[in-house]
Amino acid sequence: MDTETGKSKFVSADVPGQEHAADDVTIKNAWMQHVGRNQQHVAAYFQIENETGTSYLIDGISSPSCSAMFGYHSDLEVGTLTRQLFTHLTVPEKQMLVFPPGGYHLVCTVADGKTIEQGMQIPVQFHFLGGSSKTVSFDVRGAKPYRVSASPEGKLK
């Protein structure tokens, strides 16, 4: 990893067996929705399938509509390792990984000057170890309702 750019120093020829990752991995059922109260974050849900006999590694995810993209879990405390999930995610051979609402998923911080609205399709690029990448269109669905919760004492959290 190049410490100045944060990008992998590897190229396809440097990582045997990884050169076909973008062709062999299928990303499907990809959709997004605004979450939270300020419309600055969009949760992204999807499935990744690898039907081959080779495991692949996702080493980054990006989108021109997002200033940052990071891992998140709806019901767990989110630490550095969760946030960095998609910088070192193995897509095992002959497996499907599911990133659903309520579980581990991807979050996009909407970039300044960009708009993400229901009905749009947002391009998201999956970067694989070895240098290949795949762009997938995520459908934007209606926003998740924001709920204000109260503590047992009746105070807002």
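**A walk from a hairpin to a buried histidine**

Start at the hairpin of E8 and E9, where four residues lie between the strands and Gly130 takes a positive phi near 105°. Keep in mind as you look around that this is a predicted model.

Next, select strand E8, residues 121-128, together with strand E9, residues 133-140. The two run antiparallel and are joined by seven bridges. To see one of these pairings, click on Gln121: its bridge partner in E9 is Asp139.

Now stay with E8 and colour its two faces separately. Ile122, Val124, Phe126 and Phe128 make up the covered face. On the uncovered face you will find Gln121, Pro123, Gln125 and His127.

Zoom in on His127 of E8 here, and you will see Gly60 standing opposite.

For the last stop, move to strand E7, residues 104-110, and select His105. Is His105 buried or exposed? His105 counts as buried because its relative accessibility is 3%, and the cut-off for buried is under 20%.

Show the side chain of His105 and follow it to the backbone oxygen of Gly103, which it reaches at 2.8 Å. Finally, display what surrounds this histidine. Leaving aside neighbours within four places in sequence, His105 is in contact with Ala43, Ala44 and Tyr45, with Phe70, Gly71, Tyr72 and Ser74, and with Phe86, Phe99 and Pro100.

How values were computed
Residues are numbered from 1 along each chain as its sequence is written. This is a predicted model: local features need pLDDT of at least 70, side-chain atom pairs count only at pLDDT 80 or more; totals for chains, interfaces and linings use all residues. Side-chain values use heavy atoms; hydrogens and water are left out. Buried means under 20% relative accessible area, exposed over 50%, partly exposed in between (1.4 Å probe, protein chains only). A polar contact is a pair of N or O atoms within 3.5 Å; within protein, one must be able to donate a hydrogen and the other to accept it, and residues adjacent in sequence count only if both atoms are side-chain atoms. Contact means heavy atoms within 4.5 Å. Two strands pair if DSSP finds at least two bridges between them.
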